[in-house]
Amino acid sequence: MSQPTAAGDSAPATMRAVVVTHPGGLDALEIKDVPVPARKPGWVRIKVKAFGVNESEVTTRKGESDAEVTYPRIPGIEGVGVVDEADEDSGLRPGQQVATMMGNMGRSFDGAYAQYVTVTAAQVIPFETSLPWEVVGALPEMFQTAYGSLTTGLGLRAGQTLLIRGGTSTVGLSAATIAKDLGATVLSTTRSPGRAGELTAVGVDHPLVDDGTLADQVRALLPDGVDAALELVGCSVLADTLSTVRRQGTVCFTGALAGQWTIPDFTPFMIPSGVRLTSYAGEAADLPADVFAHQLQAIAEGRLKVPVAKVYHGLEQVRDAQADLESGTRPGKHVVVLDD
């Protein structure tokens, strides 16, 4: 069995964490002193420095997740920090900067709304950067979903055209910056004309106001249709999104911001002839360390922009972060930093 490597200063016996003991409103997010999680073989214990706040965690707090989520639970599907303890043969060293996300963290096992979190080594991405934690903390889930959708889901290449439906979401904004860095021409949507500037600010070439029907707007710009479309709004508009894509083009279904995940009386013939429909729901492994390093470097150089809505300091501000996320008044990612 692999021997552990640990940080020079061993972890304390207890830590502070946000715990949901039962579903409810914002007051269900309680700060408690709990035992520091013990690390199992093949797992890594991380000292958390920052984490993003996501709709998934709001759903967990409200009790609207699927049956795999049990209580009490420490939420948090992503986080960044430094290695506290890992197996000797893991390739990870104490103090090393790492990111983690997905893999059922914060759902079937405790997540990153805490001073320490343990996760499987397979869902740990090492990195080196001088960017502040408040920037890096915004990235893991957002960039992994956006990057995986564009590559695994769409196979997007330089010179192609991309439509992002749901463009002012955090994944939509991230997808736009990554697609531009890849060399694509980007069309992206907002339901509010007043938010078009948020799209141009991240490099979108053609902001579009989505009134429920996009095909005519898209084909006025590109008569044959776009090469690829990223669907983040959901099944309620999927048929229309499919009609914006050229023959041999691809639509990737990744999200359902409108809340509709199924199509009543679905028939495959609703897919236009020659158009491909895929989906994406990936894991940490879909964001390789070298790709994450490239993104961090691009951010440092100013080529990629990170859509951060607001930075919060300390677990005491988690309730505020979730409240702001639910209000939808600030575009971008809400990030909590744990100050030492």
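The buried residues of helix α4 are Val171, Gly172, Leu173, Ser174, Ala175, Ala176, Thr177, Ile178 and Ala179, where buried means under 20% relative accessible area, exposed means over 50%, and partly exposed lies in between (1.4 Å probe, protein chains only). Helices (H or I, at least four residues) and strands (E, at least two) are DSSP runs, numbered from the N terminus. The model is predicted, so local features need pLDDT of at least 70 and side-chain atom pairs count only at pLDDT 80 or more, while totals for chains, interfaces and linings use all residues. Residues are numbered from 1 along each chain as its sequence is written, and side-chain values use heavy atoms, with hydrogens and water left out.

The cover over the buried residues of α4 includes α3 (140–153), β9, β10, α5 (196–201), β12 and α8 (289–300), contact being defined as heavy atoms within 4.5 Å. The expected span of a helix is 1.5 Å times one less than its number of residues. For the 13 residues of α4 this span is 18 Å, which agrees with the 18 Å between its end C-alpha atoms. Just after α4, Gly183 takes a positive phi of about 100°.

An open sheet of six strands has the order β11-β10-β9-β12-β13-β14, and its pairing is parallel. Two strands pair if DSSP finds at least two bridges between them. Strands β11 (206–209) and β14 (276–279) stand at the edges with a single partner strand each, so one side of each has no neighbour in the sheet. On average, neighbouring strands of this sheet are turned by 20° against each other, direction ignored. Axes are lines fitted to C-alpha atoms, for helices over the stretch in contact, and angles run from 0 to 180 degrees between N-to-C directions.

Within the sheet, β9 (residues 161–165) and β12 (residues 226–231) run parallel and are joined by four bridges. Arg165 stands opposite Glu231 in β12. Helix α4 (residues 170–182) packs on the sheet, where it touches β9, β10 (185–190) and β12, and its direction makes about 170° with that of β9. Helix α7 (residues 235–242) lies across β9, β12, β13 (245–253) and β14, and runs at about 160° to β13.

A pair of aromatic rings is described by the distance of the centres and the angle of the planes. A search of the whole structure finds four aromatic pairs. Rings of Phe, Tyr and Trp (its six-membered ring) pair if their centres lie within 6.5 Å; planes under 30 degrees apart count as stacked, over 60 as edge-to-face and the rest as tilted. Trp43 and Phe109 form an edge-to-face pair, at 5.2 Å centre to centre with 70° between the planes. This pair links distant parts of the chain, since Trp43 is in strand β4 (residues 43–53) and Phe109 is in the loop between β6 (97–101) and β7 (116–120), 66 residues apart. Trp43 counts as buried at 16% relative accessibility, and Phe109 counts as buried at 17%.

Phe51 and Tyr113 form a stacked pair, with 4.7 Å centre to centre and 25° between the planes. Phe51 lies in strand β4 and Tyr113 in the loop between β6 and β7, so the pair ties together parts that are 62 residues apart in sequence. Phe51 is buried, at 0% relative accessible area, and Tyr113 counts as buried at 0% relative accessibility. Ring pairs also link Phe127, Trp133 and Phe292 into a cluster. Lys40 lies over the face of Trp43, at 3.9 Å from the ring centre; a charge sits over a ring if NZ of Lys or CZ of Arg is within 6 Å of the ring centre and within 35 degrees of the ring normal.

Backbone geometry was also examined. The peptide bond from Tyr71 to Pro72 is cis, with omega near 0°, and Pro72 lies in the loop between α1 and β5 (78–87). Asn104, in the loop between β6 and β7, has a positive phi of about 75° although it is not a glycine. Asn104 is partly exposed, with a relative accessible area of 31%. Asp265 also has a positive phi, of about 55°, and is not a glycine. Asp265 is placed in the loop between β13 and β14 and counts as exposed at 77% relative accessibility.
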